[in-house]
Amino acid sequence: MQVYADNAATTRMHQTAIDAMTYHLNNTFGNPSSLYTIGQQAKEVLETARANMAACFGAQPREIYFTSGGSEADNQAITSAAYLGARKGKKHIISTTFEHHAVLHTLKRLEKQGFEVTLLDVHEDGLVSAQQVADAIRDDTCLVTIMFANNEIGTIQPIEAIGAVCHARGVLFHTDAVQAAGHVKIDVNAMHIDMLSLSAHKFHGPKGVGMLYARRGIILTNLIEGGAQERGKRGGTENVPGIAAMAAALKEACANMDANTKKVTALRDKLIDGISKIPHCALNGAREPRLPGNVNFCFEGIEGESLLLLLDAKGISASSGSACTSGSLDPSHVLLAIGRPHEVAHGSLRLTICEDNTEEEIDYILAELPPIVEYLRNMSPVWKDLMSGKRQFTL
Amino acid sequence: MALYTETVMDHFMHPRNVGEIADADGVGEVGNAKCGDIMKMYLKIQDNKIEDVKFETFGCGSAIASSSIATEMIKGRTLEDALALTNQEVVDALGGLPAHKLHCSVLAEEAVKSAIQDYYEKNHIEYDHSKFPKKEDCESCCRMV
């Protein structure tokens, strides 16, 4: 059986999105900046997509900027807010230790440019609180950037409460909603979100397309200079088929959100309950509030990459926060941020499911995973030391 | 294009000489759980020759494959020959490793050396200390090659 359980990495494109993309590849080749009819038809496709995207978040179409993906949107949002702040002498930014690297690396670059960054600690349940944000805000804070839901452990942050704190203090609030968009309800007004990033391929759209929402009045800094596209804020001829496909995928995801959430949450809970029966393992991050499709466990005494390879041999695609899967020597910064020791963080497994997964697939994972964990533990000197008491169990 | 060669996958999926030798003559353990790799090697030695060898590994696919193939390579060798095993020979025998996995082959080489060193120590046999990696040295397990 083939089970794709890495939907946080990317998703299979849905037919709605493929249809939209192929239709426009076939029929809409014009440049949206051209004044003749063929060009203006492409422009209309863009503007329809923009309106549809905006409607999913309670935003205005003019507040939507198309990008090449979530990383570009994160880079542009944070850089823009920082430069706006600097003009007023505000050079302090608040974020968290477990953001995506698109955020953390952008902040690192800004630090080199003289900005001061406060990274809030994440509680072991995988959440930061609005109170932490309130306590960290200073007179010179220009931006708070906190992810909507974490990409590894799926915990959903108290965005509305954080947004309210930022709003009350007059600080711009950006959220990286790459994992959340299309999966949980987002209202930029009710949640006081000033800027939001998303990526199409996380909700069954195509890769290479994303969106930045920036509240009216926020002046963006260009990352790509060029022409008048995207109100002059993002040069380059627009990816019309990709954008149309993204809008179609998001519209579908939002329309089916309640049903998907119900179905996927039930599958997720079955997976969590089943895996929890394996001795000496623990769910990473609170069970709620958590993305409907996210399951992330640490298993003591084993290493994640070998676990992934054996799961792959059984047809199961998953991911891990072990160092060996990251190409560096450190395990996931997210797992370290929630207080998992290095040796335990190496033994993590992330299974991220979606509405296309079936109960049979969950049963299959639950049948295949425990013997693999046991097999690896049986050849692990760490496990032997844990069992003999030479090393202390932490889970 | 797979991450690992067929030989690596073969040794990972079907590791040779896994386990423990209860009455081993030399036992070596290298690596650090913090770094995500620990290799433990058990040797049974007779007449200066490795009669039997077993390993236990906590680590990624290439760590398990490196230990497995290293046990095959040293079985039957004299201690001097086994000490001559280099990480490059392990890499070559595996048909290559990705660049960021080369340290796994270093661990395999060091696990062999550490087990032989343990045998020398236990039996009060004189040996050249400079030829062995320092114990409790996390630098070696995290050494990027």
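**Entry 1: the domains of chain A**
I noted first that this is a predicted model. I looked up how chain A is divided, and found domain 1 (15–255) and domain 2 (257–388). The C-alpha centres of domain 1 and domain 2 of chain A lie 29 Å apart. For the contact between them, I wrote down 20 residues of domain 1 of chain A and 18 residues of domain 2 of chain A. The side of domain 1 of chain A that touches domain 2 of chain A has nine nonpolar, seven polar and four charged residues.

**Entry 2: the largest nonpolar core**
Which residues touch the most other members of the largest nonpolar core? I found Y213(A), A244(A) and L43(B), in a core of 157 residues. Helix α7 (residues 240–255) of chain A gives the largest share of this core, 11 residues. Both domain 1 (15–255) and domain 2 (257–388) of chain A give residues to this core, so it lies between them.

I then looked at Y213(A) on its own. Leaving aside neighbours within four places in sequence, its contacts include F57(A), A59(A), I64(A) and V188(A). E63(A), M195(A) and L196(A) are also among them.

**Entry 3: where chain B meets chain A**
I looked up the contact between the chains: 20 residues of chain B are in contact with 21 residues of chain A. On the chain B side, α1, β2 (37–46), β3 (49–58) and α2 of chain B each give two or more residues. β3(B) gives the most, with three residues. By class, that side of chain B has 11 nonpolar, five polar and four charged residues.

**Entry 4: helix α1 of chain B**
Which residues of helix α1 (residues 6–13) of chain B are buried? My list reads V8(B), H11(B) and F12(B). Seen down the axis of α1(B), these buried residues fall within an arc of 100 degrees, so they line one face of the helix. They pack against α9 (304–313) of chain A together with α2 (61–74) of chain B.

**Entry 5: strand β2 of chain B**
Eight of the 10 residues of β2(B) are buried, so this strand is largely enclosed by the rest of the structure. I checked its partners next. Strand β1 (residues 26–32) of chain B runs antiparallel to β2(B), and seven bridges join the two. Nine bridges join β2(B) to β3(B), and this pair is antiparallel as well.

Then I turned to the hairpins. β1(B) and β2(B) have four residues between them, and G36(B) in that turn has a positive phi of about 95 degrees. Between β2(B) and β3(B) there are two residues, and D47(B) in the turn has a positive phi of about 50 degrees.

**Entry 6: strand β10 of chain A**
Why is strand β10 (residues 294–299) of chain A described as largely enclosed by the rest of the structure? Because six of its six residues are buried. On one side I found N294(A), N296(A) and C298(A), and on the other V295(A), F297(A) and F299(A).

β10(A) pairs in the antiparallel sense with strand β9 (residues 281–283) of chain A over three bridges, and C281(A) stands opposite F299(A). β10(A) also pairs in the antiparallel sense with strand β12 (residues 348–352) of chain A, over five bridges. There, R350(A) is the bridge partner of N296(A).

Terms used: Residues numbered from 1 in each chain as written. Chains lettered and ligands numbered in written order. Predicted model: local features only at pLDDT ≥ 70, side-chain atom pairs only at ≥ 80, totals over all residues. Core = buried A, V, L, I, M, F, W, Y, C linked by C-beta atoms within 7 Å. Buried ≥ 20, exposed ≤ 12 C-beta atoms within 10 Å, placed from the backbone. Domains from an automatic or database assignment. Contact = placed C-beta atoms within 7 Å. Arc of directions from axis to C-beta. Nonpolar A, V, L, I, M, F, W, Y, C, P; charged D, E, K, R; others polar. Pairing = 2+ DSSP bridges.
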